[in-house]
Amino acid sequence: MKYGFTTVASAIPSVRVADTDYNVRQIEDIIAQAEGKNVEVIVFPELSITGYTCQDLFLQQILIEQAELSVMHLLNFTRKLDIICIVGAPVCIGSSLFNCALIIQQGIILSIIPKTYLPNYGEFYEKRWFESADRLIPTEIRYAGNTVTVNNKYKVFQTCNGMHFGVEICEDVWAPMPPSDNLALSGAEVIFNLSASDELIGKHSYLKSLLSQQSARTISGYVYSGCGFGESTQDVVYGGNALIYENGKLLSESKRFSFDPQLVVNQIDIELIRAERRKNTTFFNPNTYEVEIIKTKDIAEKDFTLIRAVQPHPFIPNNEDMHDSCEEIFYIQVAGLAKRITHTKCKHVIVGVSGGLDSTLALLVCVKTFDKLGYDRKNIIGVTMPGFGTTGRTYNNAISLMESLGVTKQEVNISKSVILHFEDIGQDINVHDTTYENGQARERTQILMDLSNKLSGLVIGTGDLSELALGWATYNGDHMSMYGVNASIPKTLIKYLVTYIAEEGLDERSRTTLLDILDTPISPELIPADSNGNIAQKTEDLVGPYELHDFFLYYFLRFGFRPSKIFMMAKSAFQKDGKYSDEIIKHWLTIFFRRFFTQQFKRSCLPDGPKVGSVSLSPRGDWRMPSDASSAIWLSECETL
């Protein structure tokens with residue numbers, strides 16, 4: 001388990017009903033493939049040794065004995081293999097027959113787990129053949145050459161690398177109180193399910209929803225294997241569903257109704273699951289369940305290769321729900337601002353409009369909020385404050401957008417007042433240092449604040465989450481406002497939100513302006529333009545690509561990953577197209593950690609603003625960090641990358 005990832009697999013073998021020799025050969029073929037892919041644990045469908053649809057053949061002694069003999073062949077096959085295999089078989093305990101999961105490693109049966117909930121409705125009638133684990137007292141049996149104690153205790157398996165997993169069987173997860181609830185609370189981080197769920201109209205989507213919710217509720221990985229082609233179609237059909245989830249997110253799935261065997265492999269991030277459980281105060285082990293801990297065999301650590309896809313833009317919604325997600329985020333911003341306006345009884349809001357992305361989104365939030373409240377847009381005061389670095393492109397876009405949206409526009413050129421201020425403090429106007437830049441930012445904030453006093457209004461902050469993470473804001477300048485509507489929106493997401501709004505029924509002039517703003521380089525415009533009047537100061541040239549910083553921020557803040565793991569994942573996410581070299585990723589990752597720690601003081605006195613996603617830097621909510629914390633251990637690890 002390198003970097004916290006464990007490689008798991010769900011298998012759908014070919015099956016012949018009641019032909020245990022054939023079935024075991026198919027299982028062995030897939031195990032060999034999985035071993036070659038460094039799979040640590042693999043799960044097969046319910047009753048995979050015999051086939052699920054044997055019906056009254058389960059009452060035939062020869063089938064039960066042949067199943068046990070075939071398991072012995074499987075044990076011999078796995079004797080020199082490290083992989084943990086979970087297969088299904090009917091097992092006699094005393095005079096009763098149980099539908100069981102066999103956990104096998106290195107030729108040994110580590111445990112036998114009988115099914116708890118037996119479906120006996122509709123097309124299912126398992127109680128005709130099997131007993132429930134609920135009625136089982138601890139019993140030592142001899143099975144396939146192994147002596148095993150079988151009982152109805154919850155069993156959690158601990159691998160040699162420290163991963164914990166549990167097993168449940170098909171109907172167990174459909175029950176009101178699934179065994180996986182207790183298994184997770186007892187420490188299981190991954191649940192494996194051997195299943196035989198037939199296909200009906202609408203059932204597949206319900207199944208995926210059920211597994212996703214169970215994985216999310218238990219904050220666990222969930223690996224599901226359902227019977228496929230070869231099972232009897234006398235009355236029902238089995239689609240062959242192999243599904244792998246991680247904390248509610250679908251990582252991989254098989255092709256339904258395939259006639260061929262399938263092996264679905266992916267990696268579950270155990271560190272991610274542990275991080276989520278640590279943060280979730282309702283998730284804890286109350287130590288009220290009688291749990292049996294079973295240690296698996298020791299194995300040599302194998303070379304690690306990340307095989308799961310890493311989304312390079314984790315803040316960006318998936319394409320299929322992009323519209324709905326953007327709409328939801330935008331209306332969270334609107335609802336937050338509406339509450340603040342009605343609470344303060346303000347009739348005006350003041351927003352600095354620069355012609356850049358952040359102020360554009362803030363202005364659009366103000367417009368929609370006033371529309372929802374039935375207020376006149378003219379009470380939105382958009383203030384453009386050109387200075388030494390303002391270009392014609394951003395200035396014209398700011399003016400055009402305010403005019404087309406019908407807000408009150410006001411222009412205050414800050415050049416004269418800033419020059420006067422520089423004279424007061426002895427700043428050489430030709431020295432373009434931090435004082436030169438921040439003096440402009442603070443002048444603009446002073447104008448907005450004083451206008452708000454004059455109009456009894458609210459200053460709406462425009463700064464975003466990415467800027468807060470990097471401290472890319474002037475303290476008591478653009479860092480300050482009376483309500484920050486963008487405080488939880490990362491830079492990579494703002495483009496998608498503005499695009500969504502541009503496509504949502506705005507007038508043609510506003511839409512055209514928004515598209516040009518989207519195409520404008522990101523810049524604070526605090527340094528004079530070049531000789532051609534173009535933006536000379538590009539933010540990403542100075543602090544690094546925002547897509548990298550947002551990637552770093554997400555995994556650092558959301559899951560507490562260490563620099564080496566973030567570095568490894570960033571390489572996987574961004575180097576497929578050769579976008580960034582190792583050296584570039586390492587450089588900006590180091591910059592990220594250095595800036596994140598040194599700039600905490602700006603976040604400690606952050607204005608109010610709405611949380612919209614799972615990552616926020618509000619000192620009153622998600623992120624409480626001392627401003628003088630040391631970054632030494634993070635930077636030290638960055639140096640070793």
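How much space lies in the largest cavity? About 130 Å³ lies there, and the points below set this value beside other features of the predicted model.

1. Basis. This is a predicted model in which local features need pLDDT of at least 70 and side-chain atom pairs count only at pLDDT 80 or more, whereas totals for chains, interfaces and linings use all residues. Residues are numbered from 1 along each chain as its sequence is written, and side-chain values use heavy atoms, with hydrogens and water left out.

2. Cavities. The structure holds four cavities of 30 Å³ or more, a cavity being a set of points, on a 1 Å grid over the protein atoms alone, where a 1.4 Å probe fits but cannot get out, with lining residues having an atom within 4 Å of a point. Volume is the space filled by probe spheres set on the points, which are joined across faces, edges and corners. Lining the largest cavity are 14 residues, of which Gly463, Leu468, Asp478, His479 and Leu606 lie nearest its centre; by class this lining has five nonpolar, six polar and three charged residues. The second largest cavity, of about 60 Å³, has Pro13, Pro45 and Cys227 among its lining residues, and its lining divides into six nonpolar, two polar and two charged. In these counts Ala, Val, Leu, Ile, Met, Phe, Trp, Tyr, Cys and Pro are nonpolar, Asp, Glu, Lys and Arg are charged, and the others, Gly among them, are polar.

3. Parallel sheet. Five strands form an open sheet with parallel pairing, in the order S18-S17-S16-S19-S20, where strands (E, at least two residues) and helices (H or I, at least four) are DSSP runs numbered from the N terminus, and two strands pair if DSSP finds at least two bridges between them. Strand S18 (408-411) and strand S20 (483-484) stand at the edges with a single partner strand each, so one side of each is left without a neighbour in the sheet. Two bridges join strand S19 (residues 458-461) to S20, and Gly461 stands opposite Gly484 in S20.

4. Hairpin. Strand S6 (residues 139-143) pairs with S7 in the antiparallel sense over five bridges, and Glu140 has Thr149 in S7 as its bridge partner. The hairpin has two residues between the strands, and Ala144 takes a positive phi near 50° there. Strand S7 (residues 146-150) has a covered face of Asn146, Val148 and Val150 and an uncovered one of Thr147 and Thr149.

5. Nonpolar cores. A nonpolar core is a set of buried Ala, Val, Leu, Ile, Met, Phe, Trp, Tyr and Cys residues joined through side-chain atoms within 4.5 Å; buried means under 20% relative accessible area, exposed over 50%, and partly exposed in between (1.4 Å probe, protein chains only). Of the 79 residues in the largest core, Phe165 and Phe596 touch the most other members, and helix H15 (residues 546-559) gives the largest share, ten residues. A second, separate core of 44 residues includes Val334, Val485, Leu518 and Val612.

6. The structure holds zero disulfides, a disulfide being a pair of cysteine sulfur atoms within 2.5 Å. The sulfur of Cys92 is 9.5 Å from the closest cysteine sulfur, in Cys100, which is too far for a bond. Cys170, in the loop between strand S9 (164-169) and helix H3 (179-185), has a positive phi of about 40° although it is not a glycine, and Cys170 is buried at 5% relative accessible area.

Terms used: On a 1 Å grid over the protein atoms alone, a cavity is a set of points where a 1.4 Å probe fits but cannot get out, and a pocket is an open set with protein on both sides within 12 Å along at least five of seven lines; lining residues have an atom within 4 Å of a point.
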